[in-house]
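Good morning, and thank you for coming. Please look at the sequence and the structure as I show them, and I shall then take you through several of the features.

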Amino acid sequence: MQGRIKPLKGVLNFRDFGGYDTVDGGKVVTERLYRTASFAEATAEDMAWLGGLGAKFVVDLRRPEERTDAPNLWPGEHLRVVTNDEGYKELPAHVGVLQQTDLTADAVRTYMQTAYTHYPYEPRYVALFKAWLHGLAEEGGPAIVHCAAGKDRTGVACFLVLTALGVDRDTIIADYELTNVAIDLDKRLPEVRARIASRMGKEISDEAIRPMLGVHTDYLSAAIDAMESRHGDVPSYMKAVLGVDDKMVATLRDQFVR
């Protein structure tokens, strides 16, 4: 779809993830469901554009210390923002990667896959995913979900919504992979490599940065496998863990499918 990726100046990976066909012949509405990286570097122009979206709420998936270190410049007090201040068990994926002694591409991919297996069951993310889905059912949209880079935790949150709305899995995975286009990996590699060297005192190859900076289908598959191994399928996971029952699924489809 033309215009899915929004070219904001200080906000990376801002995307409309509506507009997809559903398996029963419907279509997810556009301009109601948005995913993005954080707003910590939003420009005045970005904030004016964001204010025009008419968002009803924002779910910020970042941990407390992430929000403290990189506070969002948008939104202000006028818009409801959902956060969670529970303690954390896991390191952020990129920090955990950099603390490993083996910084090969294979090691980074393995670490990222492992991180994804925790997202569906970590209490903080369970609470936030629940707030995201229930908020969409109760309030409709527009609504925005984001983490730091808008790709990993946000990717799982969007997978859950599109699954509930009846979009087929191949399409959902293709939407997930759009991060690799939206953030322009080749352009960002030198910048990220230099930042890692400056802040962490570590040299890391472009080949090892790519699996951390972008997304890979194996990552999302790891989260899906974690849900299916414990609950049989994703809808059963959503019902048991997130309280998204058949009635709520019907409500979500009434809200977002035409």
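I begin with two tyrosines: Y116 is buried, and Y176 is buried as well. Here buried means under 20% relative accessible area, exposed means over 50%, and partly exposed lies in between, with a 1.4 Å probe and protein chains only.

Before going further, a note on the source. This is a predicted model, in which local features need pLDDT of at least 70 and side-chain atom pairs count only at pLDDT 80 or more, while totals for chains, interfaces and linings use all residues. Residues are numbered from 1 along each chain as its sequence is written, and side-chain values use heavy atoms, with hydrogens and water left out.

How many aromatic pairs does the structure hold? There are ten. Rings of Phe, Tyr and Trp (its six-membered ring) pair if their centres lie within 6.5 Å; planes under 30 degrees apart count as stacked, over 60 as edge-to-face, and the rest as tilted. The ring centres of Y116 and Y176 are 6.4 Å apart and their planes stand at 90°, so this pair is edge-to-face. Because Y116 belongs to helix α4 (residues 105-118) and Y176 to helix α7 (residues 169-177), the pair ties together parts that are 60 residues apart in sequence. Helices (H or I, at least four residues) and strands (E, at least two) are DSSP runs, numbered from the N terminus. Both tyrosines also belong to one aromatic cluster, formed by Y116, Y119, Y125, F129, Y176 and Y219.

Next, the cysteines. A disulfide is a covalent bond between the sulfur atoms of two cysteines; the search counts a pair of cysteine sulfur atoms within 2.5 Å. Over the whole structure, that search finds zero disulfides. C147 is buried, with a relative accessible area of 3%, and C158 is buried at 1%.

Finally, the strands. Six of them form an open sheet in the order β1-β2-β3-β6-β4-β5, with mixed pairing; two strands pair if DSSP finds at least two bridges between them. At the edges are β1 (5-6) and β5 (80-82), each pairing on one side only. Strand β4 (residues 57-60) runs parallel to β5 and is joined to β5 by three bridges. Within this pairing, V58 stands opposite V81 in β5.
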